Amino acid sequence: MNRPSLLSTPVGRLRLIAMTEGVSFLLLLFIAMPLKYLAGMPLAVKYTGWAHGVLFVAFGLALLDVMVNVNWPLRRSAMVFIASLVPFGPFLIDRRIRESELER
């Protein structure tokens, strides 16, 4: 059976962006922030923070796309959004997102 690519569906795009945004959040928290405060390297936070911000906006737009085009309930969308605010949250919620895609 041929599985569709992650980028071929709105939910697949959301999952990919959420994973990328989650990685950028962890890099910001566990690498860039210690470099800034322990090693005196503020540029680590500047560039990592900028990239994370762009990815977070892309995540928000992808979530909005899924809400509109896949008709996700507000409760599910809110749960995914809140998970994106917590370290490791996007990785923990990915299974539920994948299962909701398979329901269709």
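Student: At what angle do the axes of α1 and α4 cross?

Tutor: In this predicted model, the axes of helix α1 (residues 10-39) and helix α4 (residues 89-102) cross at roughly 180 degrees and come within 10 Å.

Student: Is that roughly parallel or roughly antiparallel?

Tutor: Helix α1 is roughly antiparallel to α4 because of that crossing angle; angles over 145 degrees count as roughly antiparallel.

Student: Which residues make the contact?

Tutor: On the α1 side, the contact is made by Val11, Gly12, Arg15, Ala18, Met19, Glu21, Gly22, Val23 and Leu26. On the α4 side, Pro90, Phe91, Asp94, Ile97, Arg98 and Glu101 take part.

Student: And how do the residues of that contact divide by class?

Tutor: The contact of α1 with α4 has 8 nonpolar, 2 polar and 5 charged residues.

Student: Changing topic: how many cavities of 30 Å³ or more does a search of the whole structure find?

Tutor: The search finds 1 cavity of 30 Å³ or more, and the volume of the largest cavity is about 30 Å³.

Student: What lines the largest cavity?

Tutor: Its lining consists of Ala18, Glu21, Phe59, Val80, Ser84, Pro90 and Ile93. Ala18, Glu21 and Pro90 line the cavity and also belong to the contact between α1 and α4.

Student: Which helices each supply at least two residues of that lining?

Tutor: Those are α1, α3 (74-84) and α4. By class, the lining has 5 nonpolar, 1 polar and 1 charged residues.

Student: Next, Ser100. Where does it lie, and is it buried or exposed?

Tutor: Ser100 lies in helix α4. Its relative accessibility is 4%, so Ser100 counts as buried, the cut-off being under 20%.

Student: What is Ser100 in contact with, leaving aside neighbours within four places in sequence?

Tutor: Ser100 is then in contact with Trp72 and Arg76. Arg76 is 24 residues from Ser100 along the chain, and the C-alpha atoms of the two are separated by 9.5 Å.

Student: What about the whole chain: how many helices and strands?

Tutor: The chain has 4 helices and 0 strands, and its pattern along the sequence reads α-α-α-α. The C-alpha trace spans about 50 × 30 × 20 Å along its principal axes.

Student: And what share of the residues in the chain is buried?

Tutor: Of the 104 residues in the chain, 31% are buried. As for contacts with a separation of 6 or more, 63% are between residues 24 or more positions apart.

Methods:
Residues are numbered from 1 along each chain as its sequence is written. This is a predicted model: local features need pLDDT of at least 70, side-chain atom pairs count only at pLDDT 80 or more; totals for chains, interfaces and linings use all residues. Side-chain values use heavy atoms; hydrogens and water are left out. Axes are lines fitted to C-alpha atoms, for helices over the stretch in contact, and angles run from 0 to 180 degrees between N-to-C directions. Angles under 35 degrees count as roughly parallel, over 145 as roughly antiparallel, 65 to 115 as roughly perpendicular and the rest as oblique. Contact means heavy atoms within 4.5 Å. Ala, Val, Leu, Ile, Met, Phe, Trp, Tyr, Cys and Pro count as nonpolar, Asp, Glu, Lys and Arg as charged, and the others, Gly among them, as polar. On a 1 Å grid over the protein atoms alone, a cavity is a set of points where a 1.4 Å probe fits but cannot get out, and a pocket is an open set with protein on both sides within 12 Å along at least five of seven lines; lining residues have an atom within 4 Å of a point. Grid points are joined across faces, edges and corners, and a volume is the space filled by probe spheres set on the points. Buried means under 20% relative accessible area, exposed over 50%, partly exposed in between (1.4 Å probe, protein chains only).
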